[in-house]
Structure formats: C-alpha cells, structure tokens
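Dear colleague,

I am passing on the model below, together with some notes on how its parts are arranged. Please read the notes with the coordinates open beside them.

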2 protein chains.
Amino acid sequence: MPSKLDKGVMDLFFNPRSVAIIGASIKKGTVGRALMENVKARFKGRIYPVNIKYDEVLGLKCYKSVLDLPETPDLVVIAVPARVVPKVMEECGRKGVKAAIVISAGFKEVGEEGARLERELLEVARKWGIRFIGPNCLGIYDAWTGLDTIFNPNDRQDKPGPGNVALISQSGALGAAILDWLAEAGVGMSKFISYGNAADVQEWELIEYLAEDPKTEVTMAYIEGVADGRKFLEALKKAASLGKPVIVLKAGKSEKGMRAVASHTGSLAGQYAVYEAAIKQFGGLLVNELNEMVVAAKTLSWLPTPKGDRIAIVTNGGGAGVLATDAIELLGLKVADLSESTRKELREKLPPAAAVNNPVDVLGDAPPERYDAALDAVMRDDGVDAVLLISIMQSPAYDPPGVLKAAKKAVSKYGKPVVMAAPGGRYTVDKLLMFEREARIPSFRTPEEAAKALTYLVRWSRIRNRMKGG
Amino acid sequence: MPSKLDKGVMDLFFNPRSVAIIGASIKKGTVGRALMENVKARFKGRIYPVNIKYDEVLGLKCYKSVLDLPETPDLVVIAVPARVVPKVMEECGRKGVKAAIVISAGFKEVGEEGARLERELLEVARKWGIRFIGPNCLGIYDAWTGLDTIFNPNDRQDKPGPGNVALISQSGALGAAILDWLAEAGVGMSKFISYGNAADVQEWELIEYLAEDPKTEVTMAYIEGVADGRKFLEALKKAASLGKPVIVLKAGKSEKGMRAVASHTGSLAGQYAVYEAAIKQFGGLLVNELNEMVVAAKTLSWLPTPKGDRIAIVTNGGGAGVLATDAIELLGLKVADLSESTRKELREKLPPAAAVNNPVDVLGDAPPERYDAALDAVMRDDGVDAVLLISIMQSPAYDPPGVLKAAKKAVSKYGKPVVMAAPGGRYTVDKLLMFEREARIPSFRTPEEAAKALTYLVRWSRIRNRMKGG
C-alpha cells in the first residue's frame, strides 16, 4: 500500500464529477437498484449505470461495460458477485479509473477461498494504480456533496444533514446504525466511510484525510483491528496536532471479544491494553462504549473547548445537584470553588434559602430570572471553565423557554461550554430536545451522563494542549 | 422512634378509608388546590378539606379545623406554613389521628430555627402517638389505591400505572422526576414515598414495609443519609431474605458530594466506602448512577431471575456482537460456551456464513426464521442462563414483528431472561418501544447497556441465593 496519502485520489471518493455504478439494477430489493436510487437522489454529477442486462436504468442510459462509457468516471461503485469483481476491476484499470468502492461481500470474511479472491483483486488494482475502499462494505455517505452508497431502505435508515462530524467504521451495519442515531440526535456530519475488509484503503489513510478535510472537525472511528499499528497511531497524532479530535471505539477488548473479531472481519484485534496505552499516547480520544462515542461526538461537535476542568453546577433540585457533584468528582473533574465576589452576587440576587456555594441551588420554585442571575454570575467567574445546568422540569415554576433564553445569553456572552441534565419523562424529554435543537446545548436524562459529556471536552482540551503543533 | 414497624399504622398511609387535607385551597397554583385535585381525581375514600377560610373546596364541604370533622380521618395531609404545623399536629392528636403526611417545608433544611420547629413537631406527634412522613416532602403516590399527594402539574409530571416497583426518595424533586421517567419507560409502580426530612418515619421502616407489601416486588431507594445505619442495613437484609431486591442509589459519594448533601437535606452522608461495603454485605443492590437505578428497576420488574451468569448473544450484526461480547466479559459475566449439540443444530439451520459459536451471528440478511431457530437453540442449551438479543434494524431483511414473535415464543417456552439491543435512530427507537410494550423485553440503544441490565439480574440472583431465608 502507498506510504503517503494521495489527497487528489482520495478527493475522488467524496466529490467525484462522475460515478459509474457497476451492477446497477432495476429490480426492487436489490443493492444495485438501491444504489442507483440513492446516488440519483442527491448526487449532482454524471451517473453511469453499468449492467450487461439493461439498456436503461431509472431513466439513465445503461452500459454493458465500464469500457463502453463516454468518459473515464472519477469513481466506480462495484456491486457485482465477488468472483466477477477482479475482472471488473481489470476493466476499470483499462479505462483509466483511479478510485473504486467495492460493496460486494464474499472475500476475506468468508474464509480462505475469499481471501484468495481478495488478494487477486488487490493485485489487479495495484497493477493499474487504482485505490479502492472495501470490499465487504457499505461505502460512503458525503453529507455535503450528496454522494451516498449506503443502500439501506430510507424508511429505517436516516442520515444526518451536513455538519462537522466524520465517521469511519470497519463494521458496515454498525456504522449505518450510528449514522441513523446521529441523524436522530441532530448531529451534523461531513463524511461517513464504511471501509469493510480494508484490502487497500486503510483506516489510517482515512483518519489522515479527514484530519486535513476542512469540512471535518471531529472524527469517530469504530475499529476492530488495524493492519499497520504505527501508521494508525501516527494518523491519530497528526489529527490531534491539527486540532481535530479522533474518538476511537476499539472493539475486541476482552479475550472472547478478540475471538469474536476474528470471526467477524478476520482482523487481529490485538491486546487491548497495548492499544489503550498507545492510542492515548498518540492523542486519540479513546471511549469504552458505543453510547460514549455518540455523546462525545455530539459534545465535541457543538461546544467550544474549555480552558480547564473546573465545573459549576446550577440546579433547581438539591438531589440532582448532589448526583452531579459526585459524578464530576468521581470522573476526575473539579467542582469549581466559586470566588467570594461570585458568592456575594449570588447571595444578593437569589433568595436566602438558595445555596450559593457550588452546586448553586436556585431552588425548586425558581423562575427563569434566577437561572439567568446564577448562570451569568458563575460563567463570569474566572475559576469556572464549564457549566452543568440541571433542570427539574416537573416543577410548576420551571419555564423551559425562559431558561433556554438565559442559557443562550450566558453562552454567547462568555463562550464557555454548557451541558444540561433533566431527569424525567415525556414532557422533559421533549424539552431536552428543544435545548439541543435551539441552542446546541448537549442535553441528557441524568446528571452523571452530562458530567461524562464534560469529561470528553476536558480530555480533548488536555490532548490538544499536549499535541499542539505535532 | 419506635423500634418495631407497626404495619397497621403504615397501611393507613397508603390505603386510608378517609383523608383530611389541611390547607386545602381553591386558589389555582397553590399546593392546597393541587393536593385537592389529585386526591379527588382517583382516591375512592372520603375526603375532608380543612381550611378556616372556606366553606367549600372543589364541591366538598370544608371544615375550619380537623377537630370539626364528623369522624377521625385515617390520614391527614398537612400543607400549611411551617410555624403552624405543630399546632395543627396537636389538633390531629386531640382528634385521634394516627397517620399524617407533612408536606410543608421550612424545617431542618433551612437552619437552626427550622430544626427547632421540627423537634417541636416531633414532640407533639410522639405525645399523641401519631406517625408522620416528612416534613419537606411530596408525600405519597399509591398506584393501586389512587392516593396521590404529588402536586406537580399533570402536564409535566406523569405517574406510572399499577405495577410491582416501589420507590422511596429522600429528595422530593428527584423522586418525582424518577416517577415521571418510570411512567414513560412503561414500568408499573406499587408505591412512591417522598419522605423528605424523615423527622419521624424513617427510610428503614419504609423498606421493611415494602418488603412485606404483596404489591411490591422491587424497591428503589434514593438515599442521601440515614439516621440509624444498623436499622437501614437490617431492613435491606430483611427485604433480600424475603426475595425482594432493594436497588440503592446513595448520593454523597465524593467529599464534595457529602458537603452538598449537608446543604441539601442536612443529612450526614457518611463515608461512601463504608456504606458501599455494608449495603452489599446486607443484600442491597447498590447502583452508582441514576440511569442504572431505572434500568435495574425495569429489568428486575419484568424479567425472571436467571440461574447463573452465562449469556448467549444472538445478533444480525457482527460489530454489535463484538461490543456485546466485550461488555459481558468486562462486566464480569460469562459469554456462554454453547454445547456441541447446540452448535450442530445452528449449523444445520443457519446459512454456512453464519457464526455458530457465541456470539451467534444470523447475518445481516436474516429473516425472522433465523432468529427463531437461533433463539430456540441457545435457550434450550443448559449452559445458557440468559440471552442478549441484538437487532440491526436498518437492514432491509430485518422484520420487527417477526423477531418479536420469535422472542416471545422462546421466552414463554424456556422462561429465561432476554434483553435486547438495537442501535439506531427514529425507526429503531420506535421498534425498541414495541419490544418493551408488547413483550416486556428490556430494550436498549447499545449492546453495553443491555449487558449492564443483565448484570443487575445476575447480581440479584447471587444476593438472593446468599440471603435466602435470612
């Protein structure tokens, strides 16, 4: 594999002027049909269906072979049976194609016969200088250019709108599920790459490319095994030194998990403790669970990086404030010591029964004005780096739009990150969504999860400071 | 305080024949009005509003004093200003009242003056032999009898329907938020008690009472501090020996959390490490976070207790299967070794590319028949105690009603617990809810959370075996 990233070729994957779909079909329920529909729906460039069986597919002229196309397509997407793929790749080479996505499965993941086929495919591509993603993958979704080869049905597979978060995933199904989840969570996306068996294009190349991608600020990576550990780590380091966090979820952490990886993608998972230490050293933001990856992505995508780890808690419920305090301390962040002048101001502006030490308890009957006063005071305090806002919304006095307005005001005035926690049911969940949609304040059901969201910010802040300038 | 639980008096709190509301009001937005509305809405017994200002409240005759009532009410609910409460309690004593709930705040939690008032209140109650819950609490919600003193507005405060989970909470606001959350999660409830300052009735009495309550199978307890550690622990032990799990969330785990507790309820939180060891020893099911408490309650409420800790994973996505494997192993459960005959059966019934070791991968294109075959085979295996079912629902082949049917069949045939994980967005979340509502299979967004749910079952199974028969 090439030792240096060829950005020009990589660009072809995401922003091609023309795409050929080899294995395009008119038959409902086939991958070839779903691919055509997806690409036709949003992609603005020229589209060439290729299938020996058809003269036309979805109103577009269909070609017998890639060799018959009126131009060399910037990108080909291959979705034909595995045994035919090397021959198709050969034709692509003769046509001068430089970039391909091989959707087809039936390679290394099915045993020795498939592994042989995969080696053959790789040889052909190398001979012609073609870079390809896959095989055994879902391919690419670029939210900005509209290129989309993720062929799950649209009624059960949502995709995020344009944004600054990228995702690469060794598992196609899990990657698609995360894509769907991010869409529902309102997290905007730059690029998604399901890279499957990684016969040619490797995860480290994608991480490097995304680190230099102006549309990408945060990269999520679901990894089972890597072929070249050193290059993977160097890519993490490069991203961190460019100020772009890479959130890594490494599967195969346990003995049996490693075995499950081997039977899933045929990768060698490797000892997790080694990965763990190395990923941290090279500036990766390692998370332990799927949920953490999504929470970290949302939080890093939406919020500024804090200067430090001193957290102020503003709450209208004492119990939830205690839980937040516990979580912050146990997660290794600090419950901020408010300055004397901040406490004085809070004493003046809040009722006598309010607590003016951190956590600041504005009391159960707090109207938005009290939240406003408390948020303004604690965010102005130089000893506070971020705020964990708690809302007990069952309280009749709690006014969601009023508190939202106060939070937005404080955020825009002081530029410090704010996360929110509000335990509850239907009404609360609906309002949490309002805080996310209207103010991009990451909002959670529990104080503990909100505190965890802050840890990703603080960890990234430390990584960035350590890795700055490489 | 009495050293032995008087069950007869305790019954009056939840199932009184008559209730007096002292401080009943017609004024909208007041606690006295909300209390009247709530109690009138569902309580079937006799209701007596008491307020010197009114002749009638919400169509019911209003009395100047509890002394004027035509009978001695089984229960009085007191919601008048703190300074008047001792006098009201004195009148209750003269009337022969035996049980009271003191909603009013302004006692120990506001400082020395309040603490004095609370001691005075306790003396009056002791003199007359009245047991009371509170002060500074929300009181009681009994889902079976309909008695409800939780006075938050109904548009933002849901309450669960009748079921087998009880909740006691030292924090009223947090307790109400959990109530709301349980309602949305579809968890049925027996009794909720917000016990506030616990001047008289203590958490240990409530835990003992609930352990003997035929309507209650699982108790959740949010605790900041306890006055009598020994009695608290003995109550946990009693519940466990009666086969009733008590899920304990203890706040004030950190140094600063302990200080926050002191300024919230004025309780002494005590060293967490001591609590932790003692709660575990006495058979409490200790959880670390709010979310865990809700997940544990749902899981213990809905599922049978497994015989052991050997988990089978059935998945249509390899990546999610690896994450589940990791989580199960790292949480200290076991990924079951399937018997040779189970694996043989799976090889016969699943396609060649399927994985028949645990995790069992039925592949991304699995129709429900494959789930059916896999679930039936692994649940019949004597080496499997519980199942973690994974559904990648973005796959076009995945059929939610079909898999639901297969899961229900296997559950009713083998009686082993099943939890489900399905990562995704809108479509998936909607179907997860279907699995919960229609089959009571606790369903989660991630394999890791589903694995955690299984740990509560396994931990409870071990506690129960250890504590059986006291």
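The domain bounds used here come from an automatic or database domain assignment, and on that basis chain A is divided into domain 1 (1-135), domain 2 (137-302) and domain 3 (304-467). Please bear in mind that this is a predicted model, in which local features need pLDDT of at least 70 and side-chain atom pairs count only at pLDDT 80 or more, while totals for chains, interfaces and linings use all residues. Residues are numbered from 1 along each chain as its sequence is written, and chains are lettered from A and ligands numbered from 1 in the order in which they are written.

I begin with the sheet. Five strands of chain A form an open sheet with parallel pairing in the order β2-β1-β5-β6-β7, where strands (E, at least two residues) and helices (H or I, at least four) are DSSP runs numbered from the N terminus, and two strands pair if DSSP finds at least two bridges between them. At its edges lie β2 (46-50) and β7 (131-133) of chain A, each of which pairs on one side only, and the twist from one strand to the next averages 20 degrees; angles run from 0 to 180 degrees between N-to-C directions, and axes are lines fitted to C-alpha atoms, for helices over the stretch in contact. Strands β1 (residues 18-22) and β5 (residues 75-78) of chain A run parallel and are joined by 4 bridges, with A20(A) opposite V76(A) in β5(A). Helix α2 (residues 31-42) of chain A packs on this sheet, where it touches β1, β2 and β5 of chain A, and its direction makes about 165 degrees with that of β1(A).

Turning to the domain boundary, the centres of domain 2 and domain 3 of chain A, taken over C-alpha atoms, are 30 Å apart. Here 14 residues of domain 2 of chain A are in contact with 15 residues of domain 3 of chain A, contact meaning that the C-beta atoms of two residues, placed from the backbone, lie within 7 Å. On the side of domain 2 that touches domain 3, α10(A) gives the most, with 6 residues.

Lastly, the axes of helices α12 (residues 340-349) and α13 (residues 368-380) of chain A come within 9 Å and cross at roughly 170 degrees, which makes α12(A) roughly antiparallel to α13(A) (angles over 145 degrees count as such). In this pair T342(A), E345(A), L346(A) and K349(A) of α12(A) meet A373(A), A374(A), A377(A) and V378(A) of α13(A).

Best wishes

Terms used. Parallel < 35°, antiparallel > 145°, perpendicular 65-115°, else oblique.
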